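Please open the model in your viewer and keep the sequence panel beside it.

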Amino acid sequence: MAFKYKLLKAIDVAGLQVFDPVVRLCYGEEPKLQLRRIGLFIVIPLLTLAAFVALWAYVGPRHKTKAGEVPSPAVVLQAGQDTWRFDAWEDTKAADYKRAGQDREQALAAVNARIEELEPQAEQAAAQLAEVEDAYRTQLMEQVKPLYDEYRQMRVDFRDESQRREAELEDRAAHLSGSVAEREAFLDALREHRQWEEGEKAELAAFKDQIGEIEDAKAPELEAARAQSNDLGQELQYLRKRRDQLTSDNLSLKLADAEQRLEQREQAFLQASSGEEALSLANQILAEEAAMERIETSTYAKPWTLPDQIMRSILCVFTGFVLASIIAIPIGILCGLNRVFMAAMTPLISLFKPVSPIVWLPIVFIIVGGFIPEPSDSALLDFFNAIPVLGAYDVNPAFLSSAITVALCSLWPTLVNTALGVAAIDKDHINVARVLRLGFWSRLVKIVVPSALPLIFAGLRISLGVGWMVLIAAELLSSSEGIGKFVWDMFNNGSSQTFAQMFVVVFVVGLIGLLLDRIMIVFQRLVSFDGAPTAL
Amino acid sequence: MKRLVTFCTSLLAAAASFAAPLEKTDLKFGFIKLTDCAPLVIAKEKGFFQDEGLSVEVVAQPNWKTLLDNVINGNLDGAHMLSGQPIAATIGIGTQAHVVTAFTMDLNGNGITVSNNIWEEMQQIDFDLDTPFPEHPISADALKPIVEEYLSKGDKLQMGMVFPVSTHNYELRYWLAASGINPGMYTKTDVGGRTDAEVELSVTPPPMMPTVLEAGNIQGYCVGEPWNQQAVSKGIGVPVVTNYDIWQNNPEKVFGVTKKWADANPHTHVAVVKALIRAGRWLDETDASGHYVNRDEAVRILSQPNYVGADYNVIKNSMTGYFYFQKTDKREMPDFNVFYKYYATYPWYSDGIWFLTQMRRWGQITEPKSAAWYAETAQKIYLPDVYLTAAQELLDEGLIEKDEIPWDTDGYKPATDAFIDGITYDAHDPIGYLNSHQIGNKDFVGTTAGN
Amino acid sequence: MAFLELDHVSLGFGPPNDRTEVLKDVNLQVQENEFVAIIGFSGSGKSTLVSLLAGLQQPEKGCVRMHGQPVTEPGPERGIMFQNYSLLPWLSVHGNIELAVKQVFPRYSRAERKAHVERYIEMVNLTPAADKKPSELSGGMRQRVSLARTLAMQPEVILLDEPLSALDALTRANLQDEIVRIWGEDRRTVVMITNDVDEALLMADRVVPLTMGPEATLADAFTIDLPRPRDRTLSNSDPDFKHLRNRITQYLIGLNEEAKALRVDERKEMPDVRPVDFYATRRTSFWERLRNNDTDAA
């Protein structure tokens, strides 16, 4: 029983009250009530989600533009899998680079076997694709050619007809008498001619549209053949690169090579007869040793993949968030404590609060650039790159600019809430401090800040949400590796998966945003002393 | 067998590296998602950089401006650049910084695409265009009446290009001006280049082109691949001309680094150029019947999401020597992308001078300059010495053939009239070339410029 | 010289043209070791009086003195127990008391401090709840924490503002005994505010009634010379006790009636205004006239 209440309490603190009825139901507490609550808090949201997905699956593929169609959930799932597969493949390549000894040989054997298996398949698929493509093209030409001929004939006829009418009119115009009726009749004839021309134009356009429709019609067979050939080609390419990583580009082989060379030089050095030769060989030995050291520490230059980019984005938002907190909380406290300071800050806060990240970023970029004239030799960057987890994700000026932009856009809710929390402190608490004759610092640390903490954390929670939203835009603009850069790259790719990948990002960003919010709720609950619920 | 060869070459490469200790081995290069970034990507993926003892990361950049900024402020060691970028940066158009190049990445590779509506109107005007296989090259003659119609309505045709000093800007202007359409002049106060324009050009990032065209904000654009083939495959526009037809074998992209970087890392620079030359050679390798043997693999690599990332079958068209002008109009264009043939990778002074003449022609260079200035400026930016050192090492290592490199050139290609308007370009006489055009600035020796 | 004194103290609030005098010309002398109860109705300004004594508020006229020195700011030598407890909700029972102890006895070692805090928690019977937060405690428990905190400061004067008002009868009785015991042991000076005559009689040496506000002031004190310890079971039978209670109660009722009478006098005469009957003079509409004509014709 005690465990039950501990569990319920943990759920409560973690902001997962949704699962409260599930736990209670497991313990058989008021099953009817719990079932009703489960229905309300779990089943209905799930049903809504399902309805949304169903609506999306129905509407998406039916909404077409020439740039593409809204991808269906299945396509998005496929894109997500492909994105993750790309990461896995790159990881394997990186691992292959480091494989040595038997491990390398086994991997190489497996890769070679798979290549042998796939090569004929790929060839077959390519041949089939060529066949299908040819068939499609001949069929299309067969369909379209006569239509084009007809169209051409129509156009020639219309042109001749039009020229004939024009000649006639010219002739008539030359022989016009002074009669009003005749002149009116001529005008009518000219009008008629123009109408004819319009009509012919429209007819031609309609005909061409017809041809266009035939040309644009989807060829599922062709697409399937293309997809199959493509998949095989992709995998083969991957396997071939792996083979390179396991043989010619392999770390252990390169090292063995270098060692062998070094030995040769050392041998030669021992037998060198002239001083000049000895010096040259000694130099070579040193160079070879340096080269070996370099090879030893070298790694496969893995490209940025979505999981790494997600991690970097999260680190970036946290850097920005920490920065925002460091700025916002002290200023907020000063604002709350001192009405003069508050009055002084109000115009600045009101002025800068609504500025968009897109405006901040270029400004921040210039400022950060000023502090880092030479990225390869910067104490500031070295400092950040020495921080354990952060350093592994390559802190560069773009990262700092994005983080500072995030900070500039997200510090306002924290600042305002802190000021509010400090200003709204209970008078009784102040009286306690007065009776105890607490000094400024003790009063701040023991009374003011703790009493404002719930509001400060509410502000921090909003800030983190804002920061996460801003970050994607900032990364996109600063091309700092992260989710924003992923979005921009995928958009730039303009491939058939582009739109699906955007949707993948929507879900990734949404889920991480949700997670961050939940974490903040937990913190908020831990500091809230009145036991009031802080979240839905 | 091939493995063994690479294995030996790596031995050789390492052996060569004793003579020249590298200043920097971990490098970061930028590129824009266009198929002509191929030499950079291939040099990395095929291990050519590794053979030189370099560990290279290649990073996609969002646009040409950011790419250049990143090179200048040191976030990148070097990058895939528009030919005009090192020149413009060095003479101070836009961002001022001394940027140099020792390697031309490719020839040709761009196309001009117009929207379906404009294409239909052009077909209405020029009867011969109204077939599934119109005769090429298509000039802008059929576009002129449309431009005039727009003007009579108080409107101007809008077209997109990728950067103010990009090849695309000059090619689009050249194509329009060759048919007597004024694309507008840059002046001291008009940095948008729209003074007296009959067609207004604006900057749009390459990947945005199809979207913006479909939205109707522009009626046409000039851009590199895959963005013309993309328009065909999505049915939103029709490529009317490739830059091969505007100027045969025109220089397109270069590999640019800052002067400061080149001075600080001379040996690394040579090593990078060596790897790039090998990549270019690999890309243009053909079998006995003249088919590219490695392009399919290259396309496969380029279609990875971290490189160009477009669909394999879209990139494949132009890279393997074909070009779709319409869905039913597939033509052979074996020289659409040239990476090595025709001494393509050599940094020609004459190429730099052509870009300088275009900058002067359209007013980006605001004052008249002497012929000597053109030559000196080109020599400040193009570094054939670095290229030739790299080539010599490759030759010594047996990785290239002697006849593949123009060893004894003075850096000037012979005069050529392979332009859409047939005007002869001789890099020794930039002023004369400038004056042979109808539209654009003309300079007279000893006098100030006139229009 | 009195230990603690209010000397012709007045205090009010509001702008000069709309002023409310809360206290007017209040005089009080408290001797050392004396237990004084101030009794009055709610709203008569009792809490303001405590604030003045504590130094949380300053009088507008007159002076508050302790040891003959004017009181200008609050301090731990005048331990005040607030009517609404004023516990810090983010600290546990132990933490609340510790905060005060730390401040008043900065030289205590950690162990001494802990022992001191625990002694006072023990005193108010809250040892099992020592780690609980105020929000987890009942009103009575919070009041006891507040009391423990005040006592733990070991002030020279203990100011109690209705300390037992929120408690049930049983706890209340216990705490009354407790306070008296502590007062008896340490022989401190206590000023207690209360509205309970029995409580005042059981605990205090002197009971001073506060007249009804506004412009409240202290009336003459009743000296309670009942022997200690006082047995509350005798309160209904002991004649002295009954006599004192009657006197005080009578006095208070009198005060109340006086106040009521004053209020009646203040009542304003309302003017005799009635709503106008607009229908009386309303014009008949065009259509009505038309209808009327019809009926007339019929």
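Throughout this tour, two residues are in contact if their C-beta atoms, placed from the backbone, lie within 7 Å. The model is a predicted one, in which local features need pLDDT of at least 70 and side-chain atom pairs count only at pLDDT 80 or more, while totals for chains, interfaces and linings use all residues. Residues are numbered from 1 along each chain as its sequence is written, and chains are lettered from A and ligands numbered from 1 in the order in which they are written.

**The chains together**

Colour the model by chain and begin with chains A and B, which have the most contacts among the 2 pairs of chains that touch. Chain B and chain C, by contrast, do not touch, and their nearest C-alpha atoms are 49 Å apart.

Now select the place where A meets B: 43 residues of chain A are in contact with 45 residues of chain B. On the chain A side, at least two residues each are supplied by α5 (101-174), α6 (180-216), α7 (220-246), α9 (275-297) and α18 (483-493); helices (H or I, at least four residues) and strands (E, at least two) are DSSP runs, numbered from the N terminus. By class, this side of chain A has 15 nonpolar, 16 polar and 12 charged residues, where Ala, Val, Leu, Ile, Met, Phe, Trp, Tyr, Cys and Pro count as nonpolar, Asp, Glu, Lys and Arg as charged, and the others, Gly among them, as polar.

**Chain B**

Where they meet, 16 residues of domain 1 of chain B are in contact with 16 residues of domain 2 of chain B, and the largest share of the domain 1 side, 3 residues, comes from helix α5 (residues 84-91) of chain B.

**Two helices of chain A**

Next, select helix α10 (residues 306-337) of chain A together with α18(A); they pack at an angle of about 140°, with their axes 8 Å apart. That angle makes α10(A) oblique to α18(A). Axes here are lines fitted to C-alpha atoms, for helices over the stretch in contact, and angles run from 0 to 180 degrees between N-to-C directions; angles under 35 degrees count as roughly parallel, over 145 as roughly antiparallel, 65 to 115 as roughly perpendicular and the rest as oblique. Show the side chains of A:L306, A:Q309, A:I310 and A:S313 in α10(A), which meet A:I483, A:K485 and A:F486 in α18(A).

**Chain C and its strand β3**

Finally, move to chain C, which has 8 helices and 10 strands. Is strand β3 (residues 35-39) of chain C largely enclosed or left open? All of its residues, 5 of the 5, are buried, so β3(C) is largely enclosed by the rest of the structure; a residue is buried if 20 or more other C-beta atoms lie within 10 Å of its own. C:F35, C:A37 and C:I39 lie on one side of β3(C), and C:V36 and C:I38 on the other.

Technical notes: A residue is buried if 20 or more other C-beta atoms lie within 10 Å of its own, exposed if 12 or fewer, and partly exposed in between; C-beta atoms are placed from the backbone.
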